[in-house]
Amino acid sequence: MPPINPGNPPLTRPLTAEQAWRATAERAERCVLFFDFDGTLAPVRDDPTKVEPAPKALAAISALTDVVQRVAIVSARPVEFLQNRFAGLDGVDLYGLYGLEHLHASGETITEAAALPFVPTMAELSDRARAELPAGALVEYKRLSVALHYRTAPHLAEEIERWGRIQADRLGLRVQVGRMVLELKPPVDRDKGMVIGEAVRSAGCAWYFGDDVSDIKAFAALRAREAADPDFFGVCVAVANPETGDDVSTAADLTIESPEALGDFLTEAVHRLT
């Protein structure tokens, strides 16, 4: 692996948290911190509409916006949902629906033009799902996607996933599998890996914190940037998630036990970087 802290002995994997924050402090003004939302900054709940960020994590993010170049949330949630959860935080960019929407600090929400024709499709699909899926399925309509949750009814997983894939074939949609959920979204090339790959082009350092299989693409984007530029320093952090096995933690440099523990980790990071 090429050196990732020029002027000092090269860091090698695996990294310790102390090594990672020390290297980050050297380039904090060029560092971007990216966070997934559900399961990372916020504990997963049975009702997705009731999910809120862990208080310590929220407070630490607020402090970190004054320390690093940029903080961004990259989530399957719509931007509007994220705005409500991070209201009052200046300097936080929001990427919603895997990047189909984005809102840069103090700007306006921008939607990928190729996804807009699918708004009526998603509304129709949401109504159909509520009418045809059995009791216990939770249908989350997101304007540009529809998520079919079975967290409270895991015995329905096979039926819900089969129904969702049939609808995806019928409507020409893509399927995104997550934690006890199957999501249908437009056939537009946009995912977390693409978001991160674009966002770090001019950065000298970046961290990505995630817990689900969709976050592995974001990890891969940091690895690719690091391979292309020896001066770039990237850190991949998994938040432990028993529902997806070891795939995410295996792909990461560091693993944090829970969103609450991440709040403690980030609070310590504020002290290390200031």
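Predicted model: local features only at pLDDT ≥ 70, side-chain atom pairs only at ≥ 80, totals over all residues.
## Helix H6 and its buried face

Helix H6 spans residues 192-199, and its buried residues are Lys192, Gly193, Val195, Ile196 and Ala199. Viewed down the axis of H6, these buried residues fall within an arc of 160°, so they line one face of the helix. In general, an α-helix has 3.6 residues a turn, so residues three or four places apart point the same way.

## The N-terminal cap

The N-terminal end of H6 is capped by Asp191. A side-chain oxygen of Asp191 lies 3.0 Å from the backbone nitrogen of Gly193, and Gly193 is itself among the buried residues of the helix.

## The cavity

The structure contains one cavity of 30 Å³ or more. The space in the largest cavity comes to about 390 Å³. Its lining is made up of 27 residues, and those nearest the centre of the cavity are Asp38, Ala76, His149, Val181 and Asp212. Strands S7 (146-149), S8 (174-178) and S9 (181-185) are the elements that each give two or more residues to this lining. Strand S8 contributes the most, with three residues.

Sorted by class, the lining of the largest cavity comprises 14 charged, eight nonpolar and five polar residues.

Terms used
Residues numbered from 1 in each chain as written. Heavy atoms only, no water. Buried < 20%, exposed > 50% of the residue type's maximum accessible area, 1.4 Å probe, protein only. Helix = DSSP H or I, 4+ residues; strand = E, 2+ residues; numbered from the N terminus. Arc of directions from axis to C-beta. Polar contact = N/O pair within 3.5 Å; in protein donor to acceptor, adjacent residues only side chain to side chain. 1 Å grid on protein atoms, 1.4 Å probe; cavity = no way out; pocket = protein on both sides within 12 Å on 5 of 7 lines; lining within 4 Å. Points joined across faces, edges and corners; volume = space filled by probe spheres on them. Nonpolar A, V, L, I, M, F, W, Y, C, P; charged D, E, K, R; others polar.
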